[in-house]
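Trainee: I would like to go through this model one residue and one region at a time, with the cut-offs behind each term. Could we begin once it is on the screen?

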Amino acid sequence: MTTDLETLGQLVKRAQYRNHRTMDAALRDVGVSLVQWDALRAVDRMPSASGHDLAVATFQSDQAFGTLANRLVDRGLVVRTAGRGRRIEHTLTDEGRAALAGGHAVAVDVLDELFEPLTEDDRATLLRVLRTLTERD
């Protein structure tokens, strides 16, 4: 029996969309959107990273990340400073670290609920399979 790859692709997208919607709604309690929280996670993981590196890490264009970074700066969550050459580096503020931590606390509950229908073995298999698919990037 051949797997319907079109249906498989649609179901992967549906699962991702459900994850995005649910996380975005839950993160409102922390005062950030999923896109903003993802940017905070990237800045935290990649101290003093350039805007381009952060854009790549968050699946955004350089321009989109620049706009997002400006909003995060305006909210006092991120500081941008001049780096080498024309490079702009990003660092979390205390408020940014608090929003990041609040997001992590929310994510634990949301993700546990989203993946609740799967056994631990199913979760491990899904993780392994998705890693296999994304190693090509």
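Trainee: In which strand is glutamate 89 found?
Mentor: This is a predicted model, in which local features need pLDDT of at least 70 and side-chain atom pairs count only at pLDDT 80 or more, whereas totals for chains, interfaces and linings use all residues. Residues are numbered from 1 along each chain as its sequence is written, and side-chain values use heavy atoms, with hydrogens and water left out. Helices (H or I, at least four residues) and strands (E, at least two) are DSSP runs numbered from the N terminus, and the run of residues 88-92 that holds glutamate 89 is strand β2.

Trainee: Is glutamate 89 buried or exposed?
Mentor: With a 1.4 Å probe and protein chains only, buried means under 20% relative accessible area, exposed means over 50%, and partly exposed covers what lies in between. Because its relative accessibility is 17%, glutamate 89 counts as buried.

Trainee: Which residue meets the side chain of glutamate 89 in a salt bridge?
Mentor: A salt bridge here is a side-chain nitrogen of Lys or Arg within 4 Å of a carboxyl oxygen of Asp or Glu. Apart from neighbours within four places in sequence, glutamate 89 is in contact (heavy atoms within 4.5 Å) with Ser48, Ala49, Val79, Arg80, Thr81 and Gly83. The salt bridge of glutamate 89, at 3.5 Å from N to O, is with arginine 87.

Trainee: Which residues touch the most other members of the largest nonpolar core?
Mentor: A nonpolar core is a set of buried Ala, Val, Leu, Ile, Met, Phe, Trp, Tyr and Cys residues joined through side-chain atoms within 4.5 Å. The two residues that touch the most others among the 26 in the largest core are Trp37 and Leu40. At least two residues of this core come from each of α1, α2, α3 (51-57), α4 (62-74) and α5. Leucine 40, not counting residues up to four places away in sequence, touches Val32, Leu72, Leu77, Val78, Leu92, Gly96, Ala99 and Leu100, and the pair asked for is again Trp37 and Leu40.

Trainee: Which element gives the most to the lining of the largest pocket?
Mentor: On a 1 Å grid over the protein atoms alone, a pocket is an open set of points where a 1.4 Å probe fits, with protein on both sides within 12 Å along at least five of seven lines, and lining residues have an atom within 4 Å of a point. The lining has 32 residues, of which Ala15, Gln16, Asn19, Phe115 and Leu130 lie nearest the pocket centre. Two or more lining residues come from each of α1 (5-27), α2 (34-45), α5 (94-114) and α6 (120-134). With ten residues, the element that gives the most is α6.

Trainee: How many nonpolar residues does the lining of the largest pocket have?
Mentor: Ala, Val, Leu, Ile, Met, Phe, Trp, Tyr, Cys and Pro count as nonpolar, Asp, Glu, Lys and Arg as charged, and the others, Gly among them, as polar. Beside six polar and seven charged residues, the number of nonpolar residues in the lining is 19.

Trainee: How far apart in space are methionine 46 and aspartate 62?
Mentor: Methionine 46 is found in the loop between α2 and α3, where its contacts, not counting residues up to four places away in sequence, are Asp53, Leu54 and Ala57. Methionine 46 and aspartate 62 are 16 residues apart in sequence, and their C-alpha to C-alpha distance is 16 Å.

Trainee: In what order do the elements of the protein chain run from the N terminus on?
Mentor: The secondary structure of the protein chain comes to six helices and two strands. From the N terminus on, the order of these elements is α-α-α-α-β-β-α-α.
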